[in-house]
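Colleague: Could we go through the strand order and the helix packing of this model together, one step at a time?

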Amino acid sequence: MFANLLRSATSSLSRLNPHSILQVSLSFPHKCMSVSESPQAKRQKMEKTIGTHNGTFHCDEALAVFLLRHTALYRNAGTPLNNLSMVHIHPFTLGLKRSRDPVVLDTCDIVVDVGAVYDEPKQRFDHHQRGFTEVFGHGFETKLSSAGLIYKHFGQEIIAETVQSKLDDPKVNTLWLKMYKEFIEAIDAIDNGISQYPNDIKPKYRSRTDLSSRVGALNPAWNQPTDSETVDAQFGKASSLTGEEFMGKLNYYANAWLPARDLLIASVASSKASVDHDGQIILFEQFLPWKEHLFELEADEKIPGIKPNQAIYVVYPDETANNWRIQAVPLSPESFESRKALPEAWRGLRDEELSKASGIEGGIFIHASGFIGGNKTKEGALKIAQAALAM
């Protein structure tokens, strides 16, 4: 039965039309269909079809197609065979029609990045038409590309499913906003031709290693074959690439970044109870990435107990060196200036000389700029922070 199905697939692929219809309108169910099934039963098993434009592809629609394949509605668009190499098609081009022909696109269940229509109820998501000004909202002002449109409407569902949480779980919304800020927005901006800097600022170097550039490089060069089969296979690689990076980022933010945020909130509360009632010193019992979280939480009025500009020093273990660090909170996450640098009289001193100057045993160093220092023990590090506050 599988051999017959494979011969049927190969025969169908050989008859693809010039519009690069990659729906490959075969259904690939998990179980072989009985020969006695009625035509109506077979039609009910047909998968959804995603449409986008053919020809040169870009990062936004490559990612949009990947995202759609991780939604409940379009997950089974062109369920792949177990051995796709036998029919020379990429799994990300199954269930997909790449064309600019409106007649072809009208047969699709959803269309992205082509068609000059943005209509969510009709499942049409283009951003090229005159008058399109849609943005993500929530403080973001960058005009959306097809990636941003699909992410805006389907992103929370994708995240909830991926991290195995309920859709109304607050962390789903937190991750949804974070992934737009750190991953999707740049794709939207690049596709819409929005510069990262004002035009009167000349870049000091050229970067061609961003995701949009790497997707663009997957298009055939001017002197390489540009037939639809070749380009469609490359589009499949591009969609896979964007999806792999999206999921990698989501994995980091869900499993590393977000737990650090929760730990910071807990550490602020415990530090106020046992270290510094005014919240000027935050003690972490283990190292975690804290800067970005601290500034975001300070700006969030819904987070109790964390006030803007309250924290001055953080104390945490340097687990690789088996000692402790005291770090001054910067003016902003990227700033080299501190809210209150460690005392001038201690800067540049090390070891015994530092211990004598500060009157605190176990001194290791104070950086020349005063933004960070070290001590052999947690108690010594806390004493440096407390003494610095008083000076």
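**Sheet and helix packing**

Modeller: In this predicted model, an open sheet of five strands has the order 9-10-11-13-12, and its pairing is mixed.

Colleague: How many bridges join strand 11 to strand 13, and which residue stands opposite Trp324?

Modeller: Strand 11 (residues 323-328) and strand 13 (residues 372-375) run antiparallel and are joined by four bridges. Within strand 13, the residue opposite Trp324 is Asn375.

Colleague: At what angle to strand 12 does helix 10 run?

Modeller: Helix 10, which comprises residues 351-358, lies across both strand 12 and strand 13. Relative to strand 12, the angle of helix 10 is about 85°.

Colleague: Are helix 5 and helix 8 oblique or parallel to each other?

Modeller: The axes of helix 5 (residues 146-163) and helix 8 (residues 228-274) come within 12 Å and cross at roughly 60°. Angles under 35 degrees would count as roughly parallel, whereas 65 to 115 would count as roughly perpendicular. The two helices, helix 5 and helix 8, are therefore oblique.

Colleague: What is the handedness of the crossing of helix 5 and helix 8, and how do the residues of the contact divide?

Modeller: The crossing of helix 5 and helix 8 is right-handed. Helix 5 contributes Tyr151, Ile158, Ile159, Thr162 and Val163 to the contact, while helix 8 contributes Phe246, Met247, Leu250 and Ala254. These residues divide into eight nonpolar, one polar and no charged.

Terms used:
Residues are numbered from 1 along each chain as its sequence is written. This is a predicted model: local features need pLDDT of at least 70, side-chain atom pairs count only at pLDDT 80 or more; totals for chains, interfaces and linings use all residues. Side-chain values use heavy atoms; hydrogens and water are left out. Two strands pair if DSSP finds at least two bridges between them. Contact means heavy atoms within 4.5 Å. Axes are lines fitted to C-alpha atoms, for helices over the stretch in contact, and angles run from 0 to 180 degrees between N-to-C directions. Angles under 35 degrees count as roughly parallel, over 145 as roughly antiparallel, 65 to 115 as roughly perpendicular and the rest as oblique. A crossing is left-handed if the near helix is turned anticlockwise from the far one by less than a right angle, and right-handed if clockwise. Ala, Val, Leu, Ile, Met, Phe, Trp, Tyr, Cys and Pro count as nonpolar, Asp, Glu, Lys and Arg as charged, and the others, Gly among them, as polar.
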